[in-house]
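Please read the following report alongside the sequence and the coordinates.

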Amino acid sequence: MNREDFAKQWLFYRIMAVVVGSVLLILTAFLISVRVLENPEPPFYAAAWTAHGYLFPVYVVATFMLSTKLKWSFGKTILIMLAGTIPLMSFFTERRVAKEVSQS
Amino acid sequence: MKRYFSLRLIAIHALGAFSFIACVGLAYWQWDRAQAYVPPESATVLSFEELSPLRDYLPASSVGVPTSVTGTWQPDERILMPERVVDGKSMVSPDPESEALVSWAVPVGYWVVDIMELADESSVGVVRGFTETPEQIAPASGDETVSGVMQPSEDVPGLKLVNGIEPLTTNLIVENSRTIAHDGYLVATSPAESLVPVGPIFTEPVVKGLNWQNVAYTFNWLFFAGIVAMMWVRVARDELEFAEIAKSNADLGHDNES
């Protein structure tokens, strides 16, 4: 495995996991505010969800690229991709993958 | 050849094709949703000539915009549209694909449509109002200026009336006009004697552009479709490479199981 290539992809994945996780967390807080507490929608609300819609596929690409390097099974790859859709989850998976990488 | 048709590879292709088609389908769905109603920005009155070009379809952006028109009534060219109610919107079927039946709690009667000839000798169909007793309504005559909103011909795609109500179409107006008629019809907002003003079916332009958010989601799904295609190709290629390695191992006698 090319070390430098891997380091880049590893960094790419970590950045995307944290970015997608943070954006989703903030948006979920707004979602609860709007839907449950029935507050008015903040002005950037719709645009922010759209932005998230474009960030998530980038996270999926990052996960996929890493999965081919680490030889993950198909099921594991899909699970880690889906983790990006659950608030907070991508932070935990990122920690677990980090552990796996440091051991290899 | 066999390696191209292994069970795993077939599953990869099936899943790849399904996911790709699903993404493209979802993109199409968002594109369809993007053609949403966008309410008009203001209720500025536009001239009838601006709104309704002659010898052309009524522009979607003209629908529901207030206007006024001056001309001469044609007393011999009245059209009565039966089985209608005052509120146009309540006659619209929620599902354009099926026949909907509604029993009205409000009076059922006629929409009285009179033809007005304009200075340029074109004709326009004007829904002057609703009545239960059309025989008591005197023929429209003389010159008048009528305020109202333009409506598309009721055979526009996506519009279906309940109870099998006959649609008021441009064709019907053309058949009853002496001169060339404008597409669609005008619903008068200025009151006519002994008639109840009718609520138009469309109160805002049918399509005034695209909903940017759904357009963004359309491209979002196409983006996803691209990623799925990329993953599909990568996984299938890896699978083939893997089969190749396994085969050469078997050829070398390293793997006696295959």
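In which loop of chain A does A:Lys71 lie? The model is a predicted one, and in it A:Lys71 is placed in the loop between helix H2 (45-70) and helix H3 (74-83) of chain A. Its phi is near 55 degrees, a positive value in a residue other than glycine. Most residues other than glycine have a negative phi. A:Lys71 counts as exposed because it has 10 C-beta neighbours inside 10 Å, where the cut-off for exposed is 12 or fewer.

B:Asn163, which is not a glycine, has a positive phi of about 55 degrees, and its place is in the loop between strand S5 (143-151) and helix H3 (170-175) of chain B. With 16 other C-beta atoms within 10 Å, B:Asn163 is partly exposed. B:Glu121 takes a positive phi near 70 degrees in the hairpin of S3(B) and S4(B), which has four residues between the strands.

| Residue | Phi | Location |
|---|---|---|
| B:Asn163 | about 55 degrees | loop between strand S5 (143-151) and helix H3 (170-175) of chain B |
| B:Glu121 | near 70 degrees | hairpin of S3(B) and S4(B) |

Strand S4 (residues 123-131) of chain B is mostly covered, since nine of its nine residues are buried. Strand S3 (residues 109-118) of chain B pairs with S4(B) in the antiparallel sense over eight bridges, and B:Val112 stands opposite B:Gly129 in S4(B). S4(B) is also joined by four bridges to strand S6 (residues 181-188) of chain B, and these two strands run parallel; here B:Val126 has B:Leu186 in S6(B) as its bridge partner.

Leaving aside residues up to four places away in sequence, B:Val127 touches B:Trp111, B:Val113, B:Tyr185, B:Leu186, B:Val187, B:Ala188 and B:Val198. One of these, B:Tyr185, is 58 residues from B:Val127 in sequence, yet the C-alpha to C-alpha distance between them is 7.2 Å.

Chain A has four helices and zero strands, following the pattern α-α-α-α when read along the sequence. Of its 104 residues, 22% count as buried. Among the contacts in chain A with a separation of 6 or more, 68% are between residues 24 or more positions apart.

Where the two chains meet, nine residues of chain B are in contact with nine residues of chain A. By class, the side of chain B that touches chain A has six nonpolar, two polar and one charged residues.

As to confidence, the predictor gives the complex an ipTM of 0.80 and a pTM of 0.53. The mean pLDDT of chain B is 86, with 90% of its residues reaching 70 or more. Over residues 37-41 of chain B, however, the pLDDT is below 50, although this stretch has ten contacts in the model beyond near neighbours in sequence. Where pLDDT is low, the predicted coordinates should not be read in detail.

Terms used
Residues numbered from 1 in each chain as written. Chains lettered and ligands numbered in written order. Predicted model: local features only at pLDDT ≥ 70, side-chain atom pairs only at ≥ 80, totals over all residues. Contact = placed C-beta atoms within 7 Å. Nonpolar A, V, L, I, M, F, W, Y, C, P; charged D, E, K, R; others polar. Buried ≥ 20, exposed ≤ 12 C-beta atoms within 10 Å, placed from the backbone. Pairing = 2+ DSSP bridges. pLDDT = per-residue confidence, 0-100.
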